[in-house]
Amino acid sequence: MMNDRSIRLANVSKTFYTRSKEVKALENVSLSCEPGSFTALIGPSGCGKSTILRLALGLETADSGIVRIGGTDPEIATASGATGVAFQDSALLPWRTVESNIALPLDVLGKKRSEFSGYIGDLIRLVGLEGFEKSLPGELSGGMRQRVSIARALVTSPGILFLDEPFGALDQILRRQMNIELQRIWSESRATTLLVTHGIDEAVFLADRVAVMHNRPGRIVTIIDIPFHRPRSKELFSETAFHKLGDSIAATLHGE
Amino acid sequence: MANEYRHNRLGRLAWLRNLLVLIAVWEVVGQLKLVASGALPAPSAILVGLYLDRADYPPHVWATLQAAVLGFIIGNSAAVVAGVLFVISPLALRLARGINIAIFSLPPIAIVPVLVLTLSGMTARVVLAALGCYFATMTATVLGLSQTDPRTMDVVRAYGGNSWTIMRLVRLRSALPSILGGLRIAAPNAVLGAILAEFGGGGRWGLGTYLLGSLGRADPPRLWGIGLVATAIAGLAYAIFALIGYRITGASRAVTIPASAAPASTDEKNRTPLIRASLLMASVILPLLFWWLLLEAINVPALIAKTPMGVIDYLFIANSATTAQLKLLQAFSQTLPITILGLFAGLAVAFLLAILSETFPAIARTLLPFALVTQTMPLVALTPLLVLLLGRGTAVTLWITISVTFFPSFVTIAQGLILVPKSALDVPRAYGATKAKELQLVAVPASLPYLFAALRLAVPRALLGVMIAEWLATGTGLGNLLNQSRGYLDYGMIWTVAAASVLLSILLYQLVVLAERKLLGVMGMKTSE
């Protein structure tokens, strides 16, 4: 395990070229997540939230600026198994069972699956999928698939966790349940977490800090600290302070 | 679900009923000698013939089977390995393009005499069977591997997986249905290749040899009997891979449509015109080098085996060069128009059949066995019968060309229609779209890359079909020139026609590739190449 579990981006820019035009996905983005912190990235569609995450995972390279994950290059950090990721689309392999999909990162990292079988069982219980161990993704509902993808993100017991709108496809009720679950899971692991979302509720409920992004070019305009104590219960969703904070984030999002 | 099941049952019964009706009609037509005074014998007469000849078959079948199976294994192993290599390294694909197309375009008829002269009996058969498999399986492998859901590849890359890890954990498995589709096409091809080689070159055993020996006996039931046995072998091989494919596709269908765009390959753009030009040159020169090295290696007299230089000498430098050029040009002007016509006719039939099999599975089930029969019946043997049925004009050429092109095209297009994601189809369904609307809006556009793959697959086959017809029926064009030259022992012309037809194939193929890039580029889709 790595000692440093931080996520650091300094003056990162990234431009995409399509056939007809160039899109400035990110301009001069700096973000620093201390070990054990929970940061939410929020912003309109296409503001570059997911690009930040892909840069941090080494799936894209920045045109300029520095990206350090756990004090090293993203490629090295990911290949060492220090990171976990859940994508907005569950991205499960259709031919693998639930169990086997959760074990995919172990296969990639060349770890023995047998040593983790007990842990995989724990994860399946954690995300509430007992009895579906041998099911194929095609036989599951959207919410269940997304929970498999969360379990997969946790299978390496990562020190750094990336979540790309993991509950975007879920209904509000299930989403809140999953938020409470995720908080519990996170407070056990204390993984440094970067959550990309477009749900203000979700961001405020889960994160220590919320980074608000704007569009064209994609940039971070402000970072707001969330003062609520942990553990946060579901009652928080109906508190006045919670809504006030949400409203002020919405105002910042709309550029007011 | 129950309703669907019942429909399936009915569909299966309809298939059986239609088949029985057809066989009954055939029996009547055959008994009354309605078609070309007995060229189409009744099924009962064919069965009686099969029974009378029962002692002849086992050694012939065994010999053909050996060559076909060995060729199938060798050709497909090479194809899958090559496909994996091409997907991992686009440069390798670029360089090997010339060799790939050349292998596929080689008219088996033209190389049979050469193969038989240069290789010992069994080897020529295995080589031709393997050559028949390579291109179909290689194309299917590349297509399947490059159409892998990019999201799932991201997951593996996000854990530091490299190209090989992605290949091992995601791509190979997700390409399996496509590869099996390729094997399905390759199986009848292997049988056909083996029979063609037997037909053209000596040996004591083999269905092709048997056929050759029976041609002169004016015994249509026996010819049809041999054809049916060959078809049964090819059909069985097809059925095995269709069954495996059917079982596997269920679990491979993407659950949702990919949200992230396929990453655009920047390789091609980054290359300077100079590098691109030299790559093109290399891909053209490589097959020629291959041709030359092969002849050097097996050491055949220069009189029989012409190197690329030998062909150039024959066509441009030697005293008879002008005559040779004239003959070649005339043949070209006869072959080209009918090839293009046959190509699009074959593709149209394939497309209609694929749509039909999506819309009315029962019809497809009825037609498919007959489609398979036309595919695996050794055309070389049936052409004399076809001439009796259709005459010696354009009709017989078109018939043969359609029958060699439509089947692989059909399999490829149908594959594309099957792999359309469920969720994409749900949208028009939710608005009460009819099956036709659904096909028009989603299924057909989504399977466009497969349609183009089918067209690419069909180009060289169309030329092959036309040449077979010209050789055996119409007496015109490149096929006839090849046949004549064989008679005159004009080895220079044999090699020249083979080289020229390969070049023509490559040219047509490149035109399709160009159109494909343009259209798929405009539609924001990825070409399968």
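**A first look at chains A and B**

Hi everyone, let's start with a pair of strands: E8(A) and E9(A) run antiparallel, joined by six bridges. Strands here are DSSP runs of E with at least two residues, helices are runs of H or I with at least four, and both are numbered from the N terminus. Two strands count as paired if DSSP finds at least two bridges between them.

A quick word on the source: this is a predicted model, where local features need pLDDT of at least 70, side-chain atom pairs count only at pLDDT 80 or more, and totals for chains, interfaces and linings use all residues. Residues are numbered from 1 along each chain as its sequence is written, while chains are lettered from A and ligands numbered from 1 in the order in which they are written.

Back to our pair. E8(A) and E9(A) form a hairpin with four residues between them, and A:Arg216 in that turn has a positive phi of about 40°. Across the pair, A:Ala211 stands opposite A:Ile223 in E9(A).

What does A:Ala211 of E8(A) partner in turn? A:Ala211 is the bridge partner of A:Leu41. Likewise, A:Val210 in E8(A) is the bridge partner of A:Ala40. Those bridges bring us to strand E3 (residues 38-42), which pairs in the parallel sense with strand E8 (residues 209-214) of chain A over four bridges.

Now zoom out. In chain A, six strands make an open sheet with mixed pairing, in the order E5-E6-E7-E3-E8-E9. Its edges are strand E5 (83-86) and strand E9 (219-225) of chain A, each pairing on one side only. From one strand to the next, the twist averages 15°.

Next, a helix on that sheet. Helix H6 (residues 142-154) of chain A lies across E5 and strand E6 (160-164), at about 170° to E5(A). Angles run from 0 to 180 degrees between N-to-C directions, with axes as lines fitted to C-alpha atoms, for helices over the stretch in contact. H6(A) has 13 residues and reaches 19 Å from its first C-alpha to its last, close to the expected 18 Å; that expected span is 1.5 Å times one less than the number of residues.

Is H6(A) mostly covered or mostly open? Mostly covered, with 10 of its 13 residues buried. Buried means 20 or more other C-beta atoms within 10 Å of a residue's own, exposed means 12 or fewer, and partly exposed is in between, with C-beta atoms placed from the backbone. The cover over those buried residues includes E5, helix H3 (98-102), helix H7 (172-189) and E6 of chain A.

In the loop between helix H5 (117-126) and H6 of chain A sits A:Leu140. Why is A:Leu140 partly exposed? Because A:Leu140 has 19 C-beta neighbours inside 10 Å. Not counting residues up to four places away in sequence, A:Leu140 touches A:Phe132, A:Ser135 and A:Arg145; contact means C-beta atoms, placed from the backbone, within 7 Å.

Finally, chain B, which has 22 helices and zero strands. Of its 529 residues, 46% count as buried. How many residues of chain B are in contact with chain A? There are 21, meeting 21 residues of chain A. On the chain B side, helix H7 (150-158), helix H8 (163-200) and helix H10 (220-252) each supply at least two residues. H7(B) gives the most, with seven.

Terms used. Contact = placed C-beta atoms within 7 Å.
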